[in-house]
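Student: Could we go through this one together? I'd like to talk about a helix and some aromatic rings.

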Amino acid sequence: MTSRELLAGAVPAVPLVAAALVAVLPSERAGQRLALAAGGLTGVLAAITSAWALVLADQPMLGDWLALDAAGAVLVGVIAVVGTASVAISPAYLATTAHDGSGPRGPRAHYYAALLVFWAALLAVPMAANLGAAWLLVEATTAASALLVAFSGKARALEAAWKYLVLTSLGLAMALLGVVVLQVAQHQAGGPTGLTYTSIHDAAAGLDPEVTLVAYLLLLAGLAAKIGWAPVHNWLPDAHSEAPPPVSALLSAALLPAVLLVAWRVQQALAGSVGDAASRQVFILFGLASLAVAVPFLWRPQAWKRLLAYSSLEHMGVIALGIGFGHPLALAGVVVHIAGHAVAKAVGFYASIPLLVVQPSTATRAPRGVARRDGWVGGVVAGSLGALAGLPPSPLFVSELLIGLGGIESGHTGAVIAAVVLLALGFLGLAHTLVEAVAGRSGGRPRTGPAPNRKLIRSLAAGGAALLLAVTLAALALPDSTIVQALTRGLG
């Protein structure tokens, strides 16, 4: 086993081992310290693994069980940053809920154990070289994250967790049926019945196109429920709004794109049988449907975290379009969009911790006039929402521009026009919300008690701004990079 493989294997192993230790430690304080230490170590290992793989983007690891190509490296890096931040911010969340009595009554060590298991599974998904293993890992994320969604123990949280568990499990059952049909197609062709992405890719040309198309549609429709594409996105707003903010950040910024990567690899593997144009068309249809469904909800006044959830639906649709267009410019836009969306969305969910202190009504109603209550919290809310809306110099403005240009270059002008109209409508809805949330007339009574965590707010403002600017600057050099060249080649 090479040093790269050892390093990659250690990335999910560290939080998994730490979760087991946290669960059995008698002291909650010791468990929290161990979780924070493991989070820092995991973040460093994952960042090194991601950077190493991106530097060697033209030399991907594609084995029987472990794969780390350019797309996987991008996701590992994103999941590392969001996961490290979520673990680090969790004490502030737990301290806030302990003060106001809204938190869970059970042992808080269980929170860290489930969070570390969820993060470990997320880190492993982009590095799984086998479709069957990827399916199992995605199912593991469902089990761990459902516990976290229900962590507060409130009736709404339990209902959201149950809805999330049922709907995503039904989707994964459909995807499993797609795996079975794919095995049937391989058996009919008389070839190997392996489930590694490379073996499926190599055998695709000899498979029955009709049977393979059925398998592909079952796989994509099943995974769509986990990605949160319309029209199978119904769990998304409830789960995101009821989960603890650090968990919501992982759900939106890490889980959704990680499962989308599995769908992308399935498309690359089966394009030789289904047809490259036909297989990409499914992504374009899901992308346009998600944008169209998201727009009306972005125009309606929503509780803060629920608004962010519907924004996730919109942005997963944009990423789907970029993959469907398949042009190098569009794929560069996909990378920028995944990274920029992760930063802006994670900051938005983390900001809900001080936001609930400043304006408690945002738990159930749209925020209004936050800056009138607290300028720092209002600034963080404005920064997150402005970036998600695509206001320049947000990296999401650059990524949407790249994806649109790639769509025109690849001959999908009609889809680009439809996407631009839908994105413009979504922008207007978010822009109105931004003005009302930050500078509108403040409503409700402020919460009594200590002031919001100033260190947390300033860290979010500084860290979020620095990361968003870094992604924007990186986007300028990305289209001609070896990373995009590797993404264009895919499994081929």
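This is a predicted model: local features need pLDDT of at least 70, side-chain atom pairs count only at pLDDT 80 or more; totals for chains, interfaces and linings use all residues.

Student: What span is expected for helix H4, at 1.5 Å a residue?

Tutor: Helix H4 covers residues 109-124, which gives 16 residues. From its first C-alpha to its last it reaches 23 Å. That is close to the expected value, 22 Å.

Student: And how many of the residues of H4 are buried?

Tutor: Buried means under 20% relative accessible area. H4 is mostly covered, and out of its 16 residues the buried ones number 14.

Student: On to the rings: is the pair of Tyr164 and Trp235 stacked, edge-to-face or tilted?

Tutor: There are seven aromatic pairs by the ring-centre rule. For Tyr164 and Trp235, the centres are 4.9 Å apart and the planes meet at 45°. Stacked needs under 30 degrees and edge-to-face over 60, so this pair is tilted.

Student: How many residues apart in sequence are the parts that this pair ties together?

Tutor: Tyr164 sits in helix H6 (residues 155-188), and Trp235 belongs to helix H9 (residues 235-242). Tyr164 is buried at 0% relative accessible area, and Trp235 is buried at 1%. The pair therefore ties together parts whose separation in sequence is 71 residues.

Student: Which helix holds Phe283, the partner of Trp229?

Tutor: Trp229 and Phe283 pair edge-to-face, 5.6 Å centre to centre with 80° between the planes. Both are buried. Trp229 is in the loop between helix H8 (209-227) and H9, 54 residues from Phe283, which lies in helix H11.

Terms used
Residues are numbered from 1 along each chain as its sequence is written. Side-chain values use heavy atoms; hydrogens and water are left out. Rings of Phe, Tyr and Trp (its six-membered ring) pair if their centres lie within 6.5 Å; planes under 30 degrees apart count as stacked, over 60 as edge-to-face and the rest as tilted. Helices (H or I, at least four residues) and strands (E, at least two) are DSSP runs, numbered from the N terminus. Buried means under 20% relative accessible area, exposed over 50%, partly exposed in between (1.4 Å probe, protein chains only). The expected span of a helix is 1.5 Å times one less than its number of residues.
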